[in-house]
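I opened my notebook for this one and looked up a few things, entry by entry. Here is what I wrote down.

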Amino acid sequence: MLTLAALMLIGTAAMAQDDNKKEKKLDKTEMVKKHTERMATKYKLDEKQAKKLLDLNTKYADKLNMGPGMGQGMGPGRNGVRPERKQMTDEQKKQMQERRQQRQANMEAYKTELKKILNDEQLKQYETDMAQGRNGGQKRNKQNNQ
């Protein structure tokens, strides 16, 4: 009887954790809004700038992966072991290179429009953060390209 009660308690706790995980998942619109709010706070944007930034982030949400799962790479799998990668074909390598170039072009276009929104001080801080790998992992991407 005690064992049954313990199993029910564990099962209930597991289901509650699953419910909490579902609640924490945000849709793309909410993710873009949160991302914009973090940037607006960090760079001390006024309301007009924040509105323009929200419009910009919404425009580039799909192009820059600002939705759920953004920035998720191929991390460790179960038990902390990374799954083995299959060797890529030449066609897959070509497609990956094209996607990388498209992402870089999208990021440059985003930065160009962002420069029209931020003042000099805000832009300088943003670029410093990007160089240090915050808010986008640019430092990591530069290391991978070397």
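**Entry 1: the start of helix 5.** I looked at how helix 5 begins, and found a side-chain oxygen of Asn119 within 3.0 Å of the backbone nitrogen of Glu121. I kept in mind that this is a predicted model.

**Entry 2: the length of helix 5.** I checked the span next. Helix 5 covers residues 120-131, and its 12 residues should span 16 Å at 1.5 Å a residue. The C-alpha atoms at its ends are 16 Å apart, so the two values agree.

Entry 3: Which residues of helix 5 are buried? I listed Gln122, Leu123, Tyr126, Asp129 and Met130. Their arc around the axis is only 125°, so they sit on the same side of helix 5. I reminded myself that an α-helix has 3.6 residues a turn, so residues three or four places apart point the same way. On the face turned away from the buried side I noted the exposed residues Asp120, Glu121 and Lys124.

**Entry 4: Asp129.** What does its side chain make a polar contact with? I found the side chain of Gln125, at 2.8 Å.

**Entry 5: after helix 5, and another positive phi.** Past the end of helix 5 I came to Gly133, which has a positive phi, near 90°. I then looked at Lys44, which is not a glycine and yet has a positive phi of about 55°. I made a note of it because most residues other than glycine have a negative phi. Where does Lys44 lie? I placed Lys44 in the loop between helix 2 (28-42) and helix 3. Is Lys44 buried or exposed? At 69% relative accessibility, Lys44 counts as exposed.

**Entry 6: Met66.** I moved on to the loop between helix 3 and helix 4 (90-115), where Met66 is found. With a relative accessible area of 5%, Met66 is buried. Which residues is Met66 in contact with, leaving aside its neighbours within four places in sequence? I wrote down Met31, Val32, His35, Asn57, Ala61 and Tyr110. For His35 I also looked up the spacing: Met66 and His35 are 31 residues apart in sequence, with their C-alpha atoms 7.9 Å apart in space.

**Entry 7: the whole chain.** Of the 146 residues in the chain, 20% are buried. The chain exposes about 11,900 Å², with 51% of that supplied by carbon and sulfur atoms. Among contacts with a separation of 6 or more, 59% join residues 24 or more positions apart.

**Entry 8: confidence.** I left pLDDT for the end. The chain averages 78, and 64% of the residues score at least 70. Where is confidence highest and where is it lowest? Helix 3 (residues 47-60) has the highest mean, at 96, and helix 6 (residues 138-145) the lowest, at 44. Over residues 137-146 the pLDDT is below 50, and this stretch has 10 contacts in the model beyond near neighbours in sequence. For residues 3-7, where pLDDT stays under 50, I found zero contacts beyond four places in sequence.

How values were computed:
Residues numbered from 1 in each chain as written. Predicted model: local features only at pLDDT ≥ 70, side-chain atom pairs only at ≥ 80, totals over all residues. Heavy atoms only, no water. Buried < 20%, exposed > 50% of the residue type's maximum accessible area, 1.4 Å probe, protein only. Contact = heavy atoms within 4.5 Å. Areas by Shrake-Rupley, 256 points an atom, 1.4 Å probe, with all protein chains shown as cover. Helix = DSSP H or I, 4+ residues; strand = E, 2+ residues; numbered from the N terminus. Expected span 1.5 Å × (residues − 1). Arc of directions from axis to C-beta. Polar contact = N/O pair within 3.5 Å; in protein donor to acceptor, adjacent residues only side chain to side chain. pLDDT = per-residue confidence, 0-100.
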